[in-house]
Amino acid sequence: MGAAASSALARLRLALPASAQARAALVGAATLGLAAAAALGVAAWNTRGRRRRRGPRRLQQVGTVAEIWIYPIKSCKGVSVNEAECTEMGLSSGHLRDRFWLVIKEDGHMVTARQEPRLVLVSITWANDQMTLSAPDMNELVVPKKLPSTNPIRNCRIFGVDIQGRDCGDEVAQWITSFLKTETFRLVQFETHMMGRKSKEIFEPFIQNYQVAYPDCSPIMMLSEASLIDLNTRLEKKIKMEQFRPNIVVTGCSAFEEDTWDEILIGSVEMNKILACPRCIMTTVDPDTGIITRKEPLETLKSYRLCDPAEKHIYKSSPLFGMYFSVEKIGSLKVGDPVYLMTD
């Protein structure tokens, strides 16, 4: 990030044409990582703006919720749930929260499967409001659901943005360090009284106002089964939905129809589209082996999911797959709920 992020934002502000603004919710730059995603968010929300409260909206069913996933530890395996509460900071089920735990280096910088691909092999079992970690050739380890107040609060950095987390203790740190075998790591937990990363810090300048803990940039990421099926018809080796780590998987719609959903209702939850999800080398990590290839599915996605050629000087060669949403109205949702597009 750093200078690259500042440069990407500067290019966007100075060079974004009007035609690009209209398409900005469908473009991104994996090679620039979150810096280009930030550029997308600026264009998307400067064009569309935060929706104004109106009277009753028309509802058109566009799909059905097929799966709900919560990823407690960033880059580790997800936990499938049948129903969840949707808070302003993402999905929750009891004390199980989406991306409320983070692996860090001793200096506080985040560690993801981009740097340590074998993180995807860490499985999480959630029972009796207790998180248990397991991984190949490792004994299971229980992470305390309530950390002692004597555990230090650590300053962390995610894509150059500061955030805090309470240290989960030496035993957990040793477990993760022993599994990854590269350097010393620690695990921190976000607590609700802490200040999240603000949208204006992620997508500066940004109209919509929300916070996230440790997700890349938004509370919810959504993807349709049809989009994955479409991709797999183009791949020699089929891939799983897990490689894209969506929170909500939708069935009953056409491929990439989710790109067009600006404002949706699921259960009692209202969500607003932020931007398309620009994909990076994280998608090339095999969730079953923890091996990173840096090739597929990125290369195939780049063959048909790029931005308009006129925008390449800004967005480079990022493929787009899935959509980021913010939470406009909190509530609950469950597998089997209809997904409604809200229109005037």
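Trainee: In what sense do strand β10 and strand β11 pair, and over how many bridges?

Mentor: This is a predicted model, in which local features need pLDDT of at least 70 and side-chain atom pairs count only at pLDDT 80 or more, while totals for chains, interfaces and linings use all residues. Residues are numbered from 1 along each chain as its sequence is written, and side-chain values use heavy atoms, with hydrogens and water left out. Strands here are DSSP runs of E with at least two residues, helices runs of H or I with at least four, numbered from the N terminus, and two strands pair if DSSP finds at least two bridges between them. β10 (residues 153–158) and β11 (residues 161–167) pair in the antiparallel sense, over six bridges.

Trainee: Which residue in the hairpin of β10 and β11 takes a positive phi?

Mentor: I158 stands opposite V161 in β11. The hairpin has two residues between the strands, and the one with a positive phi, near 50°, is F159.

Trainee: Against which strands do the buried residues of α4 pack?

Mentor: Buried means under 20% relative accessible area, exposed over 50% and partly exposed in between, with a 1.4 Å probe and protein chains only. In helix α4 (residues 170–180) the buried residues are V172, A173, W175, I176, T177, F179 and L180. They pack against β6 (101–105), β8 (130–134), β9 (141–143) and β12 (185–189).

Trainee: What share of the residues of the protein counts as buried?

Mentor: The protein has eight helices and 21 strands. Of its 344 residues, the share that counts as buried is 57%.

Conventions: Contact = heavy atoms within 4.5 Å.
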